[in-house]
Amino acid sequence: MTTSTTASQATVHGYPRQGPNRELKKAIEGYWKGTVTADALHSTAAELRCANWRSLAGVGITEVPTGDFSFYDHVLDTTVAVGAIPARHRAAVQADPLDGYFAMARGNQDVAPLEMTKWFDTNYHYLVPELGPDTVFAANSAKAVGELREAIALGHKGRPVLLGPLTYLLLAKPAPGVASDFQPITLLDRLLPVYAQLLAELKAAGAEWVQLDEPALVQDRTPAELNAATRVFRDLGALTERPKILVTTYFDRVGDALKVLAKAPVEGVGLDFTGPAAANLADLAAVGGLPGKRLVAGVVDGRNIWINNLEKSLATLATLLGLADRVDVAPSCSLLHVPLDAAAEPYIDPQIARWLSFARQKTTEVSLLARGLREGADTIAPQLAANRADLASRAGSPITHDPAVRARVAATTEADAHRGQAYPERAAAQRARLALPLLPTTTIGSFPQTAELRIARADLRAGRIDAAAYQERMRDEVREVIEYQEKAGLDVLVHGEPERNDMVQYFAEQLTGYLATQHGWVQSYGTRYVRPPVLAGDISRPTPMTVEWQRYAQSLTDRPVKGMLTGPVTMLAWSFVRDDQPLGDTARQVALALRDEVTDLEAAGAAVIQVDEPALRETLPLREAERAAYLAWATEAFRLTTSGVRADTQVHTHMCYAEFGEILGAIEDLDADVISLEAARSHMEVAHELSGAGYPREVGPGVYDIHSPRVPSAEEAAALLRAGLAAIPADRLWVNPDCGLKTRAWPETRASLENLVEAARTVRAELTA
């Protein structure tokens, strides 16, 4: 098959799923509760897909993506599409495909879910495929074909989106019971015929093009993996019964894999040209371009919310015209990673609002650029002039430059980022002060965010209650949480964070330079949506943010209550960050603001202060060459936050749902006294990784998977704890859940924590017998 030169068009790789009012979340959670039927859930999903396609077509997107919509996760959808259902879930899937699907995602009381981890360097979580030598693949095109037919019936030209076979296998892990050195990529020859069948059935259903997402190609790949990529595209390209294939990559430069794509017998290639991926432009020229191929050029940043520099993008596109047979315009990646519509934010300062571009605005930018490329820049001259004015407004705004903040950052020294005492001295002082038992128990920070708490926040926003009444309601909740923890037997307590809407947004709303949205929801995993704040200017802390809550909680108990903060790297990673200065500079500003809070917490009597950094691994650059520089400023920012305290103040940090093996050195460089990490779904893997790296500090590998509704038994938690003890000595091992409890309900929380405490007591007795 060959392509022909065609005028440039606008397209997108994918689109937000949730709907303008998170209709999908509400329908799914209603289904789980039994208040929404399966038919009603499917109807809501179809309505949202229809609305998305109509919106895209309305701004000039002539080829809409299909199949990118998901009830939970597109990688899990791929597992279903290729028939790689884990053995423990097969009965549930056979009995009811929808309930079985959710069992794989969330687990139930009978079966554990699939492991969950971060999608490349984003805050989106995917369900990790479990594969082994006995895995048998079988094509299931029902979802992909059904959604394509929906789009066609509505009059749209649909382009089905499939996760490519190479990336699928590279994201997979050995199934439980399979040797840890098993390489899922060895199943490639078994998987390719399944993709061939999927492609044939999509062609038969009316697909002209199919998009194969292969973002794994932007990571450092071995020669063997590049050879596997060559084989994938050679074998799929040689098929006679298939649509045209568009292989898409995003998030970074393609590097050595670009030669593979240039030579591949496929009709189209999608490349990212934003941020570090801008290097793809020179690389593409160096390999002689993509003659005879369609290039989908990602020149609008699909991961951040700032307006595009239209003139700069047009210049890039003009250069690309000479490097491919046809150049279409797109965002850099799926718009899944940005909120839906900036027009839904009427309360944002108009000066800042003109700088913002969410999914709907990005589709307009893409369409405008395609028109300018197709018809000439003069045809969009008014829009280019307005864009120049908006960019100049941002560059010259006092919001983006605070001289006092910049002077403070400039005055920091190397000593400011280091504790005054070595860890052994600190550990002795902390044990004397805290007097904790062997295997101390704690939680990560948050307790269930009940409907009553959410109603109280809504009442405060609506003016139905005043600040004093809201404060009293939150104090009542703190008192109940403290009383419960004492009764349950936990050793180090938390105040439960009832006043916090989100672990980043709560702080962002109290720091200068940040702004919050009302409807800027972005999917994190499943039905969990977050509203990342916008980091628009220089950062400082006008007043204490958490001190009074911690002081009140500590007044209710003799047991230590942790002060709880979100760390500087996570404050960046889970926000939409500035793109007008280096991330390390922004991180230092945030770190100094948080340092003030840490020292105030210590002055208020906090003996334990936890600074969470769950995003440290998530933000790790995809290419090895850039990682050392990132980890240097990231760990420095954490130490800058925490190093102003005394030796007997215990500093904790927390991380979850990521592959930690690649950053063990950085975890050491944080110099935290205690680290808690997700370990339940990954079967204590991280404890053994830390032990193998010689990690010398205290560790709390989670024994309770809080992202599943199932209640682990005391014996199950004890078994995980014993597995942890095989790697970490008892005098350095803590007992805690994987993550915060805000998404869980109280009944399961109580049962799970009581089992956790019982497990700790059981194993403690075994150790001292």
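Start by selecting valine 674, which sits opposite glutamate 698 in strand S21. This is a predicted model, where local features need pLDDT of at least 70, side-chain atom pairs count only at pLDDT 80 or more, and totals for chains, interfaces and linings use all residues. Residues are numbered from 1 along each chain as its sequence is written, and side-chain values use heavy atoms, with hydrogens and water left out.

Now show all of strand S20 (residues 674-677): 4 bridges tie it to S21, and the two run parallel. Strands here are DSSP runs of E, at least two residues, and helices are runs of H or I, at least four, numbered from the N terminus; two strands pair if DSSP finds at least two bridges between them.

Zoom out to the open sheet of 5 strands, in the order S17-S18-S19-S20-S21, with parallel pairing. Strand S17 (563-566) and strand S21 (698-701) are at the edges with a single partner strand each, so one side of each has no neighbour in the sheet.

Next, pick strand S2 (residues 61-66). Which strand does S2 join through 2 bridges? That's strand S1 (residues 10-11), running parallel to S2, with threonine 11 opposite glutamate 63. S2 also pairs in the parallel sense with strand S6 (residues 158-163), over 3 bridges. There, proline 65 has arginine 159 as its bridge partner.
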